[in-house]
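Dear colleague,

I am handing over the structure below, and my notes on what was found in it follow directly after. Please read them with the model open beside you.

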Amino acid sequence: MNRKTDQVKRAWEIRHQKGWARLKPDRIILAWIKKYRSQMGRTVVDLGCGSGRFLIPLIKMGFEATGVELTDTAIRQLKARLAKAGLMANVLQGDFRRIRMPDGAFDSVLTIQSFQLGNWSAVKRSFSCVARMIKPCGLFFLRVRSMRNIPRGAIFENEKHDLPKALRGPTYDRVYETGESSPNHHFSRAELEYLARTCGFDIIEGPKECRSRKKMARGPCVTGQWNILMKRKA
C-alpha cells in the first residue's frame, strides 16, 4: 500500500467508526439498479463497498455479489451485517486498482464515491480497471463528486490533463480528520463523458447531478454528486 492510500485508509477508518454504516443507499443509483436489474447479469462487484449499504441490497435482489473495501472497520461491520442477515458475499480487502481480477470477471460494476479519491491520473487508472474487469455489454453504476462544495482556500494541483482547462474538474489536497491530506478530484460533466468514451462505455443515464444542502463546520453549503450509468461496448 502506498503512502497516499494508507492516509486515505486511516481517515476512512475514523469515518466508519463514527457511523458511516448508517447511511442508506443513494436513491438515484438504487432506482437505476431496480430499473435495469434484468440487464445486469448475475455477478456484480461493489468497489469501495464500505459496510454494505449497496452490497446487501444487491444480495437480497439475488445477485452474486463481491465487495471490495479498503478499511478494517468497514470489513468488520460488513461481515457482522452479513452474518446477522444470513447472507453470503465474496469480500476482498485492499485497493481495487491493485487487486488482481480476471478480465471480464463481472457482469456489472458499482462504485459510490470511490473514484474521487485521487488525482486525474488515478481517476483514469480506475476507469481502465473497470473497463478490464467488466464483461462486454456490462453495466457500470458510478457516483462521484461534482464541482460543488470545494473547500474554501483549496490549492489546486497543476496536473497533466487530457482536456482543456475550461472543461476540467479540480484536484486538491483534502485534509482529513487525522490531519493528513490526500488528493481528491471533483468531476466536470465533460470529464465523465470523456472517460466513458475513451474507456469504451456508452452512457445510458446521466450524468445527473444530485444536490443537497448540508450543515458543515464552516456553515451551510450545497454539495453535489454526479450519478451516471454506463454500458460497456460489445
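Ile99 is partly exposed, with a relative accessible area of 22%, where buried stands for under 20%, exposed for over 50% and partly exposed for what lies in between (1.4 Å probe, protein chains only). Ile99 sits in the loop that runs between strand E3 (90-93) and strand E4 (106-112); helices (H or I, at least four residues) and strands (E, at least two) are DSSP runs, numbered from the N terminus. Once neighbours within four places in sequence are set aside, Ile99 is in contact (heavy atoms within 4.5 Å) with Val68, Leu92, Gln93 and Gly94.

This is a predicted model, in which local features need pLDDT of at least 70 and side-chain atom pairs count only at pLDDT 80 or more, while totals for chains, interfaces and linings use all residues. Residues are numbered from 1 along each chain as its sequence is written, and side-chain values use heavy atoms, with hydrogens and water left out.

Glu69 is buried yet has no salt bridge, and the nearest side chain of opposite charge, that of Lys9, is 8.9 Å away; a salt bridge would need a side-chain nitrogen of Lys or Arg within 4 Å of a carboxyl oxygen of Asp or Glu, and in assigning charge Lys and Arg count as positive, Asp and Glu as negative, with His and the chain ends not counted.

As for the cysteines, the count of disulfides (pairs of cysteine sulfur atoms within 2.5 Å) comes to zero. Cys49 is in none, since the nearest cysteine sulfur, that of Cys129, is 15 Å away. Cys49 is buried, with a relative accessible area of 4%, and Cys210 is buried too, at 18%.
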